[in-house]
Amino acid sequence: MKVAAYQAPLATASSPEVIDLIQERVAWCESEGVSILCCPEAILGGLADYGENPTRFAIRTDDGHLSKVLAPIASDIVTSIIGFTELSADDQLYSAAAVVHRGHVAGLYRKLHPAIRRSVYSAGSLSPVFRVGELTFGIVICNDSNYSAPARSMAAQGAIALFVPTNNSMPNNRAYPELVQEARAADIARAVENRVWVIRADVAGENGELLSYGSSGIVDPDGKVVQQASLRTADFLVADIEATPRLDSSTSVVV
């Protein structure tokens, strides 16, 4: 099964071109036989931690709003993983990722570890796995990949791949290129510990006072880096991964 990681340009929170950019990637995936496309954390709206009004670009998931926003990227072929800021029914903010399958939001993952220091986001509490065709996979968002427990839980449920929507944008005075190597080390560790593929999709470039070097990459279950993105620029990575189930994954959400 072919999977892809989209290293998207670091856009402004209000940029109307983001959906168009994702549409272009979905269309390319359709033409090239890619089954799952992973996009960055908060590719829609940007990280609420850096906004003056954290709820301004948040998307509700209890009223059909999210499905309407994502309708333009509907595909009968490509399942997309889209990072966004969720405003829940109880008005909590979550850094979330939606699994979009055939035009429907088939599943949702909420980031378990919102930030290393502090964040406006609440912490998620679940570690679900999903299945597309023969591939059972999990999602861990950015900082979650630094912890062993989420990946281990998903692997125990049958996941053979982990998708890592990431947003490593930081204020210019805090951004540092070594973060790319740190992210890759985490990917290798999670891959080897659990014998899974790890597919990370980050943002890259500069936007006002924010900068991201871009840590997108694909690591195989042996810890070999089979693809890695160029620094500070948009990029697109594709790999063909083995999708044969390694154990019963009856607990997964079939999408």
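A salt bridge is counted here when a side-chain nitrogen of Lys or Arg lies within 4 Å of a carboxyl oxygen of Asp or Glu. By this criterion, nine salt bridges are present in the structure, which is a predicted model.

**View 1. Nonpolar cores and the surroundings of Phe163.**
The largest nonpolar core has 40 residues, and those touching the most other members are Ile36, Leu135, Phe137, Ile139, Ala161, Phe163 and Ile199. When neighbours within four places in sequence are set aside, the contacts of Phe163 are Val3, Ile36, Cys38, Ile81, Phe137, Gly138, Ile139, Val140 and Ile199. Another core, of 24 residues, lies apart from the largest one and includes Ala8, Cys39, Leu44 and Ile82.

**View 2. Crossing of helices H3 and H4.**
Helix H3 spans residues 148-156 and helix H4 residues 178-194; their axes come within 10 Å and cross at roughly 35°. The crossing of H3 with H4 is right-handed. On the H3 side the contact is made by Ser148, Ala151, Arg152 and Ala155, and on the H4 side by Arg190, Glu193 and Asn194. By class, the residues of this contact are two nonpolar, two polar and three charged.

**View 3. Salt bridge between Glu193 and Arg190 in helix H4.**
The side chains of Glu193 and Arg190 form a salt bridge with an N to O distance of 2.9 Å. The two residues are about one helical turn apart, because they are three residues apart in helix H4. Arg190 is buried, at a relative accessible area of 8%, whereas Glu193 is partly exposed, at 45%.

**View 4. Salt bridge between Arg195 and Asp222.**
The closest N and O atoms of Arg195 and Asp222 are 2.7 Å apart, in a salt bridge. This pair links distant parts of the chain, 27 residues apart: Arg195 is in the loop between H4 and strand S11 (197-201), and Asp222 is in the loop between strand S14 (217-219) and strand S15 (225-228). Arg195 has a relative accessibility of 46% and counts as partly exposed; Asp222, at 56%, counts as exposed.

**View 5. Salt-bridge network of Arg60, Asp62 and Asp91.**
Salt bridges link Arg60, Asp62 and Asp91 in a network. Within it, the side chains of Asp62 and Arg60 meet at 3.1 Å, N to O. Asp62 is partly exposed, with a relative accessible area of 44%.

Glu32 belongs to helix H1 (residues 18-32). Its relative accessible area is 37%, so Glu32 is partly exposed.

Note on methods:
Residues numbered from 1 in each chain as written. Predicted model: local features only at pLDDT ≥ 70, side-chain atom pairs only at ≥ 80, totals over all residues. Heavy atoms only, no water. Core = buried A, V, L, I, M, F, W, Y, C linked by side-chain atoms within 4.5 Å. Buried < 20%, exposed > 50% of the residue type's maximum accessible area, 1.4 Å probe, protein only. Contact = heavy atoms within 4.5 Å. Axes fitted to C-alpha atoms, helices over the stretch in contact; angles between N-to-C directions. Helix = DSSP H or I, 4+ residues; strand = E, 2+ residues; numbered from the N terminus. Left-handed = near helix turned anticlockwise from the far one by under 90°. Nonpolar A, V, L, I, M, F, W, Y, C, P; charged D, E, K, R; others polar.
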